Each structure stands twice: as structure tokens, then as C-alpha cells.
Amino acid sequence: MEKITTSRRQLLKMGTIALVTAPMVGMSTVASAKQNTAIRTALKFQSTPNGDKQCNKCMNYIPNAAKPDNKEAVNGCKLYPGDDEIPPNGYCNGFVAKPK
Ligand code: SF4
């Protein structure tokens, strides 16, 4: 009898966790593309190059592994946690040129 009670509790816990996390899974799918607006503002991010300085020539640029050499705003940057909309031709004050 004791075991059945414990199992019911476990089932209730699992059901509660499933109810709480199921909507979160949907939310993460919908809100997959994000911009870190606070850091963008602080570093004066722009979606256009500054002369020959641009994101894909910067040490902080993280190219999208699933889309190498893309021209889309689907990349990352070491200075922008959670931001996955960095365009290859963007620019900000955090620019550090890659060694040639
Ligand atoms: S630091 Fe600025 S210029 Fe360099 S990749 Fe990040 S956003 Fe682009």
C-alpha cells in the first residue's frame, strides 16, 4: 500500500512538471531568434558596416555553424549573450579585427 501511494505522488509530480514545461517548449520554438537590445544599445550596434570593419571580420563574430558563409542575420557574437541575429555585415564599438 505504501508503494502505491509513493507511485501516485511520483505520477502527480511528473504530471505537474509536464504541465508546467510543455508551454515553455512551445515558447522557446516561437521565440528562437533573439536580439540582446541592451548590449546592442550600449555598444552602438548597427546593421551596416563601418568602412571595411564589419562583423564577419571581427574576432568576436560567431558564424552560424548550420549556415556557413551565409549573408543572413542568423549568427552570434561573443559580446552579445543570447543574441542570434548578428548580420555578417553589421558593426559595433566592440569590433576587434581578425588577424590577417
Ligand atoms: S563585437 Fe560588434 S562588430 Fe564584432 S562581431 Fe560582435 S557585433 Fe559584430
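Modeller: Here, 64% of the contacts in the protein with a separation of 6 or more are between residues 24 or more positions apart. Keep in mind that the model is predicted.

Biologist: What order do the elements of the protein run in from the N terminus?
Modeller: The order is α-α-β-β, with 2 helices and 2 strands in the protein.

Biologist: And how many of the 100 residues are buried?
Modeller: Buried residues come to 18% of the 100.

Biologist: Which residues make up the largest nonpolar core?
Modeller: That core has 10 residues: Phe45, Cys55, Cys58, Tyr61, Cys77, Leu79, Tyr80, Ile86, Tyr91 and Cys92.

Biologist: Take Cys92. What does Cys92 touch, leaving out residues up to four places away in sequence?
Modeller: Cys92 touches Leu43, Lys44, Phe45 and Gln46.

Biologist: On to the ligand. Which residues are closest?
Modeller: Cys55, Cys58, Cys77, Cys92 and Gly94 are the closest, out of 13 residues that surround the ligand. The shell divides into 10 nonpolar, 3 polar and no charged residues.

Biologist: Back to Lys44. Where is Lys44 found?
Modeller: Lys44 is in the loop between helix H2 (37–42) and strand E1 (61–62). Its phi is positive, about 55 degrees, although Lys44 is not a glycine.

Biologist: Why does Lys44 count as exposed?
Modeller: Because Lys44 has 11 C-beta neighbours inside 10 Å, and a residue is exposed if that count is 12 or fewer.

Biologist: What about Asp69, buried or exposed?
Modeller: Asp69 counts as exposed, because it has 8 C-beta neighbours inside 10 Å. Asp69 lies in the loop between E1 and strand E2 (76–77), and its phi is positive, near 60 degrees.

Conventions:
Residues numbered from 1 in each chain as written. Predicted model: local features only at pLDDT ≥ 70, side-chain atom pairs only at ≥ 80, totals over all residues. Core = buried A, V, L, I, M, F, W, Y, C linked by C-beta atoms within 7 Å. Buried ≥ 20, exposed ≤ 12 C-beta atoms within 10 Å, placed from the backbone. Contact = placed C-beta atoms within 7 Å. Near = placed C-beta within 6 Å. Nonpolar A, V, L, I, M, F, W, Y, C, P; charged D, E, K, R; others polar. Helix = DSSP H or I, 4+ residues; strand = E, 2+ residues; numbered from the N terminus.
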